[in-house]
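Have the sequence and the model open side by side. The text below moves through strands, loops, a helix and aromatic rings.

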Amino acid sequence: MAGTPRTITIIQEPTQLNTVYTKLLYSVTTTNFSLPQYKFVCDIEDHAGNLIQRIKQPANETGHAIFNVAVPIRSQLTVDDTLYIQHPTASYGNGDNSIINSYSQFIIKFGEEYGTSPSSSVTIYNGNGGIGDPAVTGTVLSLGRMVWEPWSNSFFNSSSAAPPYSTSETGSVNYWYNELDPASVYFVTASLFINGVSALQSYGSGSLTYYDNPGEYYFEVKIPGSNNLAHRYSLDIYNMSEQVSVLSTGYVSAPPSFSQQTVITASFTGSLGNLYGVQLNAVPTASFTAPSLNAYYSASDYTGSSFLVSSGQYPLFPGNVINVSGQSSATPYEIEANEVSGSTIGQALEAYPTLEDFSLNEIPFIPPLATGSFQSWNWNAQDIRVNWTDSNPNYRGFDKTKTILTNWPQYQLEQLPNERPYDNLALQGENRFRGVSENDLGIVSWFNISGSINPSGSTGREYAVSLYYFSPLSSSLETGQSNSSASFSGSELNGFSTGLVNSGSGANIPFCSGPLFPANLPTLDTSVEWNFLKLQINESSINWWRRDEPCPWETRSNFAFINKWGVWDFIGLNTTTNKNAVINERNEFMSVNVNYNTSTAPYSPYNRGFEQYYLKQDYKYKISTDYIAGVHSNYLGDFAIENFYQELFTSPNVMLQVDDTFVPINLTNSKFEYKTNKKGQKKYQVEIEYEFSNKPRSRT
């Protein structure tokens, strides 16, 4: 019995991207649950395969087991050390970036254990029929520290969406006449005809493109008159996109004839989005081996850089898009031109007619669950991804409201229902923008799931922070003047992290963070005239902050806190600060006011009788927020700003900027006031009470 192959089947698993603050449920089953002492075995491993925890449980009444892997994983994710970064950075969650710890990948493996009798020892099986550690795996889990609210259906209803890539509705056929060099004494003459039209009359190659379903392609191999029965001819057709053979005739000979004759006929139907290779071989004898193709090409990786690649089977042409051996299979390279031999980065693998076809087939896409499916309490990854395509439900022209991971209602480029029309930035309501000071430290974070920063920089698709000046004198739309900027594009982004320019979806979802506020970007010149700070990620993903400097009698309080997306967020306030010293503990004793350890004992009024030898104190701080006015947002719900302030009060990690350093504080508020009368209570303030996490030193 113990040697019989057994199989574990995964019935259900969480979607990607997901959060550890939910129930990450797996359902597994087997036909062996009635065996003696049977238990399912679940191994939870980190990205490197190191075991975090092993969980075992017997089958339930239906022969299944439900595993929640969230709790053991939760402690593996911690706060990111990114408060002081000065350039964008990213992580795939594979231990590739030491300062990013709030996002990582995990591997879940299933197996089983059972014995030969109720009292025997048990053996662990890998789930694939062999003895050993669990080995049946599902999709690699990509997890962050976002907060899932159980009463909000929008967080775990996965929306239906098509993949972000589609076929180009074209196809290509590359063909090659493979024979010895024409100068050779073994030269064999043949001609290739496609659909009755001469394609090649001698050694060489060519290409044709079709733009709709082409039906059958008809190939003919013709030779001039010859009585040499030793000559051999063959025709091979290969799908270069799917790496499968379509047709191979094998070698044939021609009967004696002194007039042109057709030696091979073949046909096939090409599929849209695929690139086919056709090879005509002509050899002098049956024992002769046709020489292989050994061609070299320059190829661009869409960053402005070119590399040398080779092809050893079928020819390539400018515009063909390939992946390359030794490189990421999801990285496209576009053929530019023929080159001579040299040192290559690898050999061409799959080839496609266009970049769209490449992306559709080579960049993985995990389709979301159907709307209304609640299995695994899934986080709605569809709603939070940085996505430059219409498959994102929050994509609206040039406005992408989910670009950065914050719940502050960001400035909208287009007018939404029940919102004021777009006009001059300088005249927008005070509560429409968060404030930023020239001395503030701050960053932003986002997920790179579908679409990414374009590293070329030629179309403005980059990571950039600019200081703008908008004149408040006009109520009409004003362009504004960019007076200082810091941008990162091209090779800079590749040098910082490949995750910043990675495109596509799937398990390798890059988590990205970038510097935002002036203190993180020393190259920004804050001495120029400016009243708005603009963040631009890619061509059109734009967010704005309004300049808000403290008056001489005010204190700038820049709070950093972990928001509901599990990343650093910021609230900057200019207020007067109330500081109270609280003495928590005094230890004292009564001493005599005469020194008996001297030759004489004069009385001195400086000698203490009642003495304190230990003093423990603390400082309590209290400030008031700016006036909060509820701002309606279609995506964030009514009165989004007060909801955002609540994230500060409920955050497990809050920091306060003191000079050029963040120090940890504890908020001591026991309650948070909401606007309860939305008609009569137009604006209100909330007091923030806090103390430093590191107390003043005790006095002795």
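Which residue in β18 is the bridge partner of isoleucine 237? It is leucine 247. This is a predicted model, in which local features need pLDDT of at least 70 and side-chain atom pairs count only at pLDDT 80 or more, while totals for chains, interfaces and linings use all residues. Residues are numbered from 1 along each chain as its sequence is written, and side-chain values use heavy atoms, with hydrogens and water left out.

Start with the strands around that pair. Helices (H or I, at least four residues) and strands (E, at least two) are DSSP runs, numbered from the N terminus. Two strands pair if DSSP finds at least two bridges between them. Strand β17 covers residues 232-239 and pairs with β18 in the antiparallel sense, over four bridges. Both belong to an open sheet of five strands, ordered β15-β12-β20-β17-β18, with mixed pairing. The edges are β15 (204-210) and β18 (244-248). Each has a single partner strand, so one side of each lacks a neighbour in the sheet. On average, neighbouring strands here are turned by 20 degrees against each other, direction ignored. The axes behind such angles are lines fitted to C-alpha atoms, for helices over the stretch in contact, and angles run from 0 to 180 degrees between N-to-C directions. In a regular strand the side chains alternate between the two faces of the sheet.

Now look at two loops. Most residues other than glycine have a negative phi. Glutamine 243 has a positive phi of about 60 degrees although it is not a glycine. Glutamine 243 sits in the loop between β17 and β18. Glutamate 169 also has a positive phi, near 65 degrees. Its loop runs between β11 (141-147) and β12 (171-178). For accessibility, buried means under 20% relative accessible area, exposed over 50%, and partly exposed in between (1.4 Å probe, protein chains only). Glutamine 243, at 33%, is partly exposed. Glutamate 169 is partly exposed at 42%.

Move on to β24 (residues 333-339). Strand β21 (residues 295-300) runs antiparallel to β24, and five bridges join them. Within β24, isoleucine 335 stands opposite alanine 299. Strand β23 (residues 321-324) also pairs with β24, antiparallel and over two bridges. There, valine 321 has glutamate 334 as its bridge partner.

Helix α2 spans residues 355-362, and its buried residues are Asp357, Phe358, Ser359 and Glu362. The cover over these residues includes β23 and β25 (348-352). Contact here means heavy atoms within 4.5 Å.

Finish with the rings. Rings of Phe, Tyr and Trp (its six-membered ring) pair if their centres lie within 6.5 Å; planes under 30 degrees apart count as stacked, over 60 as edge-to-face and the rest as tilted. By this rule there are 33 aromatic pairs. Take tryptophan 408 and phenylalanine 644: the ring centres are 5.3 Å apart and the planes stand at 90 degrees, so the pair is edge-to-face. Tryptophan 408 lies in the loop between β28 (399-400) and β29 (435-436), and phenylalanine 644 in helix α5 (residues 640-650), so the pair ties together parts 236 residues apart in sequence. Tryptophan 408 is buried at 6% relative accessible area. Phenylalanine 644 is buried at 0%. Tyr84, Phe517, Trp545, Phe570 and Phe662 form one aromatic cluster.
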